[in-house]
Amino acid sequence: MIVNTKFSSVLIRILFTALFFCNAEFLRAQLVREIALTDLSFFKNPSSSWRIAGAVRADLSKPNVLNIDPGSGVLLNYPDNSHKGEDLYTHTEYGDIDLELEYLMASESNSGIYLQGRYEIQLIDTRGATNIRSGSNGGIYERWDNSKPDGQKGYSGYAPRQNASRAPGLWQKMKISFKAPRFDPSGRKTANAVMLKVELNGVLIHDQVELDGPTRGAVSETEAALGPIRIQGDHGAVAFRNIKITSFENGRPAEAATTAGNNVDPIHIEATETRILRSFMDLPGLPRVVHAVSVGSPQKVHYTYDMDNSMLIQVWRGDFLNATPMWHDRGDGSSRPLGMVQRFGKPVQTIAKLSNEQSAWITDTAGTGFRQKGYVLDAEGRPTFKYLSYGVMVSDAIRLLDKGQGISRQISLSGSSKDLYVRLAESASIEQIAEGLYLIDDQSYYLRLDDAQGSKPVIRNQNGRKELIIPVAKSLSYSILF
């Protein structure tokens, strides 16, 4: 075979040039920007209620109150009598975008994110709510609906699939994929705007929701191909961080199908009353929990208990369990939480005997005399777990707090043994914010000491992590708010 090297080199240059321009076109069409929140220059004429802060914390006992640390990295709206709250707009206008951000609500606060200034996703303190509507946290807000028969016309919107919210003062993560409305050269609309996907705290709450017009409070009832991102600022205190915008200048590329080969009808377990299911439970990046007991409630707050370690390994808000991996076909014995999950790290023994406050926590049951004794049910079907450790019989009762705020845990000891401690939390960060109240894991949840029987908790450093431990003699009660 004879090869024309001159022709080949020309062809290679042409191919590389084509590839360069194809890649340049792709990069031009898909622009990713992470907003540096060192000042307000990304936004148009911000009112005095908007500022940059270093950190914020909510006061759970007071509505619309945030405690503020100076610095940068947090976009804060804090309207008051001296600083009138107004909506905030980006300089840039967008069509198709992916928007990722974290936000934090003050207690009883209210805000919203408007795509193109017209289509609102509601941000509001919806802790513990079981009646979810379009005005709930994560809802696509209502609009006037002319499609209904006379006498039934009114406002309608799209409620989130479930309440995946966190409590005030905790950082929540939202991901939005938005497709802008389409217009022909004459300006006639040819396709509606679509919320392709909205995730709240890792839970899919909207999927392929078509919007035939702007929601209430839109900057204009007239739709357009482009518009600014607008953050509602006149209803309450709210903070944002880690804002990332991916814009598609030439329209969003076609998305590959995600359901191919996944035609199994899911097997979901509801908890219309107290529900207990034993299964395997997989924790990300950790060994499988093989003796997991998951307890569900109609209040939509659930938890999983590891009977091998007598540890509370996760709590979640929303729907109960996906048992498809366990019961479909041969199954693998595992189930999965369906809602917004707060996990508590690698399973270890809840109780350990330490020679001093700085002794390393035990890694297994050797020397503890640990024996699991199962659980007993109360009149409402709620379990109290029983086990033997260091010669002491332990009762471990986990109950729900009022209004779905979280769970409480009562650990009671029958017998006596010296130098016993309970590990309350282990995380990258643990911060005491009030007497007996702690913020855990970069403001992911609160831990509140309810009755420590006079014992003093200790925050200590262990292997580059933080631990919150406390001596226990007879009993201990604490709550997790999330």
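In the predicted model, S165 is placed in the loop between strand 10 (154-158) and strand 11 (172-179), where helices (H or I, at least four residues) and strands (E, at least two) are DSSP runs numbered from the N terminus. Residues are numbered from 1 along each chain as its sequence is written, and side-chain values use heavy atoms, with hydrogens and water left out. Because this is a predicted model, local features need pLDDT of at least 70 and side-chain atom pairs count only at pLDDT 80 or more, whereas totals for chains, interfaces and linings use all residues.

With a relative accessibility of 1%, S165 counts as buried; the term buried denotes under 20% relative accessible area, exposed over 50%, and partly exposed the range in between (1.4 Å probe, protein chains only). The side chain of S165 takes part in a polar contact of 2.9 Å with the side chain of N137 and in another, of 2.7 Å, with the side chain of N163. A polar contact is here a pair of N or O atoms within 3.5 Å, of which, within protein, one must be able to donate a hydrogen and the other to accept it, and residues adjacent in sequence count only if both atoms are side-chain atoms. When neighbours within four places in sequence are left aside, the contacts of S165 (heavy atoms within 4.5 Å) are T126, N137, Q172, L200, N201, R317 and M340.

The side chain of S136 reaches the backbone nitrogen of R133 at 2.9 Å, and, neighbours within four places in sequence being left aside, S136 is in contact with Q122, I124, T126 and N131.

R252 is found in the loop between strand 17 (238-248) and strand 18 (268-269) and, at 14% relative accessibility, also counts as buried.

Aromatic rings of Phe, Tyr and Trp (its six-membered ring) were paired if their centres lie within 6.5 Å, with planes under 30 degrees apart counted as stacked, over 60 as edge-to-face and the rest as tilted. By this rule the count comes to seven aromatic pairs. The rings of F42 and F43 have centres 5.4 Å apart and planes at 90°, so this pair is edge-to-face; F42 and F43 are both buried. The rings of F370 and Y387, with centres 5.6 Å apart and planes at 45°, form a tilted pair. This pair links distant parts of the chain, with F370 in the loop between strand 26 (351-353) and strand 27 (371-377) and Y387 in strand 28 (residues 383-389), 17 residues apart, and both F370 and Y387 are buried. One aromatic cluster is formed by Y305, Y375 and F385.

A charge is taken to sit over a ring if NZ of Lys or CZ of Arg is within 6 Å of the ring centre and within 35 degrees of the ring normal. R230 lies over the face of Y114, at 3.9 Å from the ring centre, and the charged end of R317 sits over the ring of F482, 4.4 Å from its centre.

Strand 36 (residues 465-471) runs antiparallel to strand 31 (residues 420-427) and is joined to it by six bridges, two strands being paired if DSSP finds at least two bridges between them; E467 in strand 36 is the bridge partner of E426. Strand 35 (residues 458-462) is likewise antiparallel to strand 36, with five bridges, and the partner of N461 in strand 36 is K466. In the hairpin of strand 35 and strand 36, which has two residues between the strands, N463 takes a positive phi near 55°.

A nonpolar core is a set of buried Ala, Val, Leu, Ile, Met, Phe, Trp, Tyr and Cys residues joined through side-chain atoms within 4.5 Å. The largest such core has 102 residues, of which L75, M174, M195 and F240 touch the most other members. Apart from it lies another core, of 19 residues, among them A53, Y78, L437 and L481.

Overall, the protein has two helices and 37 strands, and buried residues make up 49% of its 482 residues.
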